[in-house]
Each structure stands twice: as structure tokens, then as C-alpha cells.
Amino acid sequence: MTTDHATANSRPLERDAQVAMSHHDVSPNDIALGVVIGRASEYFDFFVFGIASVLVFPKVFFPFADPLTGTLYAFAIFALAFIARPLGSIFFMWVHKRHGRGVKLTAALFLLGGSTAAISFLPSYNSIGVVSIELLAILRVAQGFALGGAWDGMASLLALNAPRERRGWYAMIPQLGAPFGFMVASALFAFFVVNLTPEDFTDWGWRFPFFCAFTINVVALFARLRLVATPEFTRLLDKGQLEPVGIVDLARHHALDVWIGAFVPLASFALFHLVTIFPIAWLVLSSDRSAGDFLMVQFSGAVICAGAVAASGLIADQIGRRNMLLISAGLIAAFACGSILAPLIFGENAIGQTIYVNIGFMLLGLSYGQTAGAVTSRLGSRYRYTGAALTSDLAWLFGAGFAPLVVLYLSTAYGLAMVGVYLLSGALATLLALSLDRSEMRQM
């Protein structure tokens, strides 16, 4: 396909951008960089909301409730985005078909960054009453809806074009966005918690990380559009047939693949918020340890996680991605059993808390590093774009969306052993899904 032919077939709103970028070649490193920047910005938005659900929202939006109940209310709103995310994927697939990938991506990322930044301007409950809670819930739904549209096909493109002997390495690259996004979010909140009085932080300090989200998303948008707007990128996507297909068509050919694929990464996704968001809530509610100090411990844990994500790619290329998923699920199950048998390790002991976080982040990196391969390798090239998006959405909904809410409630009612029980259920779900998968992971 020539450049002129690619441009002629482009949607009208993308033609000028493609002409301007017509001499730009797309290398695997360009795609990898665009994937990491894009994913980091998305995770930043979600982690900022998650951390604020513990440190800010109970005081600002739920002052009428006790701290535990206010945090549970905040976690309930936190979960709304994961319900909205599949709906956003479906809607923005329609936008993609009508107006092109660039328009879809621009609209989704502006909505994601705009809704996150808008939270920074919300009045408190003491100012406008229950309307503040309703606005917070609406903006959270908008975050999830937008994230569904932020799926750009770059991760699938990496998987399709990776050398067979390096597929594990290329599968882990998009996953680096999670620890990078958490590093930025936790560092920002730690800075304001440590350097402001509690009154100033509750009044205005917490708003700055949300306000930063818009700038970060604009940078991520241009980094991705720099690739999406090139005819070379369009040719690569056309070669891989990475275009949206109808949901009915997908369900007719790959319904079982989508469901199994959604449960394969459950061990990793169950662990995800249990080492990032839940520990902050437990410490704030039941310990005198500084939240700022603990956020920096988590920052160091995220560094370990990034290293473990990279290591998962190297290991998977030696033993296979499926074996890597099995081993990591087994390690998470062992970690869960340890949490059940020795829950006091995460009590008021600062050393125990640090060990829990660092081990948890390491296991998260090893397991999460290969979940991208788990949700895309089962699908043929024609269905990979839509199938990978919806499979990922369902996996997040089942595995991570309600984890902070459910685990905080159960741990408060029945003890910290419930953390291990929840983790163990996720690990068993992953092992069961992998046992049902005899040969479908064709590219492993």
C-alpha cells in the first residue's frame, strides 16, 4: 500500500495529519515509547483517584460519616469507572469506525484528562451538599468511559510484530505504564502530605495532582498521535487487521476466549489494588504511621514492580508466557496463604508492612508483566483489537474494580486474613482459567 493510497482511504479528519507526517517512519521503539507513555498517563489518572479515595474524599465529600464508612463510600465510587469502562470501549469503537482512530483517541484522552482535572475544582460537601457527591460520581464514570476509548491498538501491534523468541519481552512493555503511573501519583501525594498541614492539604493541596492530570494526558495524546497520524502506522495496523469489529460478531466467534481471557489475569488484578490502594486505607484507619512516609515506601515498591515487569519478559521468553502465568499465580497463592496464616505481619509493625508491600509489588510485576499476552494471544488478528479491549475491561471489572471496597469491608469485619482469602480466590481463578485453556493460547 502506498502512502497516497493510505491517505486516500483515511477518514477526512485524519488526512491532514497523515500528510504532515507522511515521511515519518515508525520503528518498534517508537511504538513501545508511545505505549508506555499512554499507559502511564491512564494509570496516573486512576491512581490519583484511588489514593484520594483514602486520604481526601472521606473528609471532603463524606464528612457526615465515620472514617471507615466514608472510605467505603469513596471506594464504591471508585468502582464505578470499572463498570463504565466496557461501555466506553463499545461507544468509542463506533467512533473509530465513523471518524477514525485519531479522532477516537483525541476525544477519549481529552475526556479522561478533563474529567480528572475537573475533580480538582469540585466544591466540598459542606459547600453544596449531596450535589458534590453526585458530581464526583459522574466524573468518575466519565473517567472509566474515557479509558475504554483510550485503547489504541499499539499493544496488540507490538504483539503481532514481535519476533517469536521475544514475545514475552514485547508483551511486558505496555505493562510498565502501571508502576510508572503509580510512581508519579504516589510521589505527588507524598510531597503534599509531608509538606502541608493537614488543614491545607484537605483544603487545596489534594487538588494539585488532579489538576496535573490534564497536562499529562495532553502530553500522552501527542505522543500517541505522533504515531497514529502516520501512514506507516496505518499500514502496520492494516497488515495486522487491527480494526474494530461488531460485538455480536466477536461473541459469535470468540465468546469463550473472551471469558477465559478475562479470568486468566485475575490473580494479578486481585493483587493490583491490594498493594496500592488498600494498604493506604488500612494504615490511615488503624495505624499512626504517616501516610506520606508509607506512600514513599510504596514508591520504592513500584520501582521493584517495574524491574519485575521487565524480568517477567525475560523469563517468559525462556519458559513461555503460559508457564510464567502459572508460576506467578502459584506464587501469589502462596503469598495469599501466608497472609491468611500470619495476618499480623501487616498490623502495626512498620517493618512487616514494608516487607508486605515490597513482596507484593514484586509478585505484581512478575504476574502483571505477562497479562497483556494473556488477553490478546487467544484471539485471531481480525478480532484482536476489539477482543483485547473488552477482555481487558472485563478482567479489570472482575479482578480489581471492587477489590478495595470488598477487602476493606471484610477485613474490618473479620480480620486481615480476608486479604489473603481474596487474593487466594483470584489465584485459584487464574489457575482454573489456565487449566481450561488447553491449546487456545496459540502464540505462546
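Close-up 1. R252 is exposed, with a relative accessible area of 58%, whereas D249, at 16% relative accessibility, counts as buried; here buried means under 20% relative accessible area, exposed over 50%, and partly exposed in between (1.4 Å probe, protein chains only). The two side chains meet in a salt bridge at 3.7 Å, N to O, a term that stands for a side-chain nitrogen of Lys or Arg within 4 Å of a carboxyl oxygen of Asp or Glu. R252 and D249 are 3 residues apart in helix 15 (residues 247–263), so they are separated by about one helical turn. The model is predicted, and local features need pLDDT of at least 70, side-chain atom pairs count only at pLDDT 80 or more, and totals for chains, interfaces and linings use all residues. Residues are numbered from 1 along each chain as its sequence is written, and side-chain values use heavy atoms, with hydrogens and water left out.

**Close-up 2. The D293–R289 salt bridge.** D293 pairs with R289, the closest N and O atoms being 2.9 Å apart, and D293 is partly exposed at 39% relative accessibility. The count of salt bridges by this rule comes to 3.

How values were computed. Helices (H or I, at least four residues) and strands (E, at least two) are DSSP runs, numbered from the N terminus.
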